[in-house]
Amino acid sequence: MAERIHVTAPGGDYDILIESGILKNLAIYAGAWGKSVVVTNTTIAPLHGESLAASLPKAKLAVVPDGEQYKTLETIAQLYADFIAAGLDRGSTVIALGGGVVGDMAGFAAATYMRGVRFVQIPTTLLSMVDSSVGGKVGVDLPQGKNLVGSFKQPDMVLIDPDVLDTLPAREWRCGMAEVIKHGFLADESILDMVNKNPSPSSETGFSIQPHPPTAFASPQAERGGQSGKVELIRRAVQVKVDVVQRDPFEKGERAHLNLGHTFGHAVEQATHYQWPHGEAVGVGLLAAARLSSALNLCDSDIPERMEDILAHVGLPRRLNGIDPEAIYAAMATDKKWLGGHSRFVLLRGVGQPTIVEDVPKETIIQILSDLQ
Ligand SMILES: NC(=O)c1ccc[n+]([C@@H]2O[C@H](COP(=O)([O-])OP(=O)(O)OC[C@H]3O[C@@H](n4cnc5c(N)ncnc54)[C@H](O)[C@@H]3O)[C@@H](O)[C@H]2O)c1
Ligand SMILES: [Zn+2]
């Protein structure tokens with residue numbers, strides 16, 4: 001039986017189903033989908049896309065190039081052409097099979113094609129399972145910046161099959177773990193216990209892309225406990241996001257808490273000209289946020305200590321390795337959330353106690369960043 005999380009959303013309620021092997025039985029759900037197009041990319045098509053589309057009698061495959069640089073209006077235009085060629089009408093369904101890039105684009109195309117058609121999310125990265133496939137934000141980048149065009153489009157269903165993670169590069173797994181850890185500190189301590197109790201990927205060194213499947217949660221007991229452990233970890237991490245977006249569907253308030261570690265993280269991405277992937281930048285950003293929380297006496301020093309330990313356990317970076325603190329601060333100051341130049345951080349009073357703090361002195365931030373060298 002699949003784990004089921006029901007989501008109440010302004011555009012209509014939907015279910016998130018999580019089950020190992022669920023994609024092999026997709027036809028059960030596909031009866032109501034009409035004609036469909038499975039949107040995926042060149043990497044995922046041969047791994048999972050072709051077999052999935054072949055299992056759906058009325059489905060065609062639309063394959064986009066792999067990479068954030070293709071999350072553009074040009075690719076959306078190509079998708080519209082693919083939808084027309086496949087004969088999609090208003091009763092049809094767009095299925096996103098991929099990570100956040102594919103999900104954001106397929107969702108935006110589904111929101112706008114014929115003023116909106118049915119949309120099913122099948123996330124294939126850990127990040128997209130626990131983060132981007134939930135909450136209805138879809139869109140594309142412009143040359144001027146990321147995610148500048150988009151809308152809210154709630155999916156009709158989200159199907160999560162942890163088996164697809166077996167082909168995910170270890171580095172992408174770790175990047176998703178940064179969001180899982182964020183959700184643990186925001187709202188669910190048991191997530192942190194689960195992550196800490198599972199084997200660390202200690203055999204891997206550095207942050208290069210590993211040709212092996214991820215080792216965390218592929219424990220020696222994988223045959224018996226591994227997949228169900230993954231299902232449970234994903235279920236809990238998804239639930240944290242669901243709880244937040246249900247209370248704040250249009251990002252008016254509490255949803256800002258999901259930016260924990262992201263003010264620092266985005267600035268690190270920018271300061272390194274996106275040489276640091278998002279998840280790794282968020283990892284060190286989470287540590288910076290935890291240390292700042294403690295420096296401002298919002299919480300005890302055990303919070304940054306626990307953060308550092310768990311990041312080390314999953315193999316995420318804890319140091320800035322020479323990135324200039326002034327460059328990071330300058331990047332932060334361009335953040336559109338820093339209203340009128342006032343700094344704004346999501347910090348922690350403890351696990352499960354996020355809080356927003358404004359006007360932190362620049363010297364304090366520079367000190368935190370210098371200590372992370
Ligand atoms: N809509 C939202 O609320 C939201 C939230 C967070 C992030 N995002 C967006 O999500 C995007 C990042 O998503 P991501 O981290 O999933 O990156 P991604 O979609 O680029 O996927 C990462 C890489 O993994 C590959 N891949 C995906 N699944 C695979 C699998 N099962 N096996 C092998 N390879 C696989 C992809 O082809 C890609 O090369 C960004 O564009 C970001 O803006 C959106
Ligand atoms: Zn993130």
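Is Arg 171 buried, partly exposed or exposed, and what is its relative accessible area? Arg 171 is partly exposed, at 22%, where buried means under 20% relative accessible area, exposed over 50%, and partly exposed in between, with a 1.4 Å probe and protein chains only.

This is a predicted model in which local features need pLDDT of at least 70 and side-chain atom pairs count only at pLDDT 80 or more, while totals for chains, interfaces and linings use all residues. Residues are numbered from 1 along each chain as its sequence is written, chains are lettered from A and ligands numbered from 1 in the order written, and side-chain values use heavy atoms, without hydrogens and water.

**View 1. The zinc ion (ligand 2) and its donors.** Glu 179 (OE), His 262 (NE2) and His 278 (NE2) coordinate the ion at 2.1 Å; donors are N, O and S atoms within 2.8 Å of the metal (3.2 Å for Na, K and Ca), and because water is not among the atoms, sites may look incomplete. Glu 179 is buried, with a relative accessible area of 0%, whereas His 278 is partly exposed, at 23%.

**View 2. The salt bridge of Glu 280 with Arg 171.** The closest N and O atoms are 2.8 Å apart, and a salt bridge is a side-chain nitrogen of Lys or Arg within 4 Å of a carboxyl oxygen of Asp or Glu. Glu 280 counts as buried, at 4% relative accessibility.

**View 3. The salt bridge of Glu 232 and Arg 235.** The side chains meet at 2.8 Å, N to O. Glu 232 counts as buried, at 19% relative accessibility, and Arg 235 as partly exposed, at 22%.
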